[in-house]
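This report covers backbone angles, salt bridges and surface charge, in that order.

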Amino acid sequence: MKKFYNKLVRDKIVEIIESKGENPEYETLNSERYLFELHKKLLEEANEFIEEDSPEELADLLEVVYAIAKLKNIDLKEVEEIRIEKSQKRGAFEKKLFLKSVDEKDE
């Protein structure tokens, strides 16, 4: 019986499937399709983390972020510097603030 997945998988998954004597059908994606599938995977992993709230799912989410950064030649040290700068200027999420509304000034 053939089971369809149609999703991006980790690098060793095909080998693991083959080691079980099963026959996977797969393709190697070009950069454009790879980025598209990484974006889908990012949402998938974020939803799984929300559902399970586990360190394993958070690690999966980070793995996808690292893959996107590598593909787009984004230096994660630079990302961390930006994160720190934004945190210093605008704060982080430590105070658990939830903005309900603002009475804006008329101009």
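## Positive phi angles

In this predicted model, Lys96 is exposed, with a relative accessible area of 75%. Lys96 sits in the segment after α4 (76-90), and its phi is positive, about 60°, although the residue is not a glycine. Most residues other than glycine have a negative phi.

Asp53 also has a positive phi, near 50°, and is a residue other than glycine. The loop between α2 (31-52) and α3 (55-71) holds Asp53, which counts as exposed at 59% relative accessibility.

## Salt bridges

The whole structure contains nine salt bridges. One of them pairs Asp60 with Arg10 at 2.8 Å, N to O. Asp60 belongs to helix α3 and Arg10 to the segment before α1 (13-19), so this pair ties together parts that are 50 residues apart in sequence. Arg10 is partly exposed, with a relative accessible area of 46%.

Within helix α2, Lys41 and Glu44 are three residues apart, which means a separation of about one helical turn. Their side chains form a salt bridge at 3.4 Å, N to O. Lys41 is buried at 11% relative accessible area, whereas Glu44 is partly exposed at 23%. In the bridge between Glu27 and Arg33, the closest N and O atoms are 3.9 Å apart. Glu27 is exposed at 56% and Arg33 partly exposed at 37%.

## Negative surface patch

Asp11, Glu15, Glu18 and Glu63 form a patch of negative charge on the surface. Of these, Glu63 lies in helix α3 and is partly exposed, at 41% relative accessibility.

How values were computed:
Residues are numbered from 1 along each chain as its sequence is written. This is a predicted model: local features need pLDDT of at least 70, side-chain atom pairs count only at pLDDT 80 or more; totals for chains, interfaces and linings use all residues. Side-chain values use heavy atoms; hydrogens and water are left out. Helices (H or I, at least four residues) and strands (E, at least two) are DSSP runs, numbered from the N terminus. Buried means under 20% relative accessible area, exposed over 50%, partly exposed in between (1.4 Å probe, protein chains only). Patches are made of residues with over 30% relative accessible area and no salt bridge: like charges are joined within 9 Å, nonpolar side chains (Val, Leu, Ile, Met, Phe, Trp, Tyr) within 5 Å. Accessible areas come from the Shrake-Rupley method with a 1.4 Å probe; for residues, only the protein chains shown count as cover. A salt bridge is a side-chain nitrogen of Lys or Arg within 4 Å of a carboxyl oxygen of Asp or Glu. Lys and Arg count as positive and Asp and Glu as negative; His and the chain ends are not counted. The place of a charge is taken as NZ of Lys, CZ of Arg, CG of Asp or CD of Glu.
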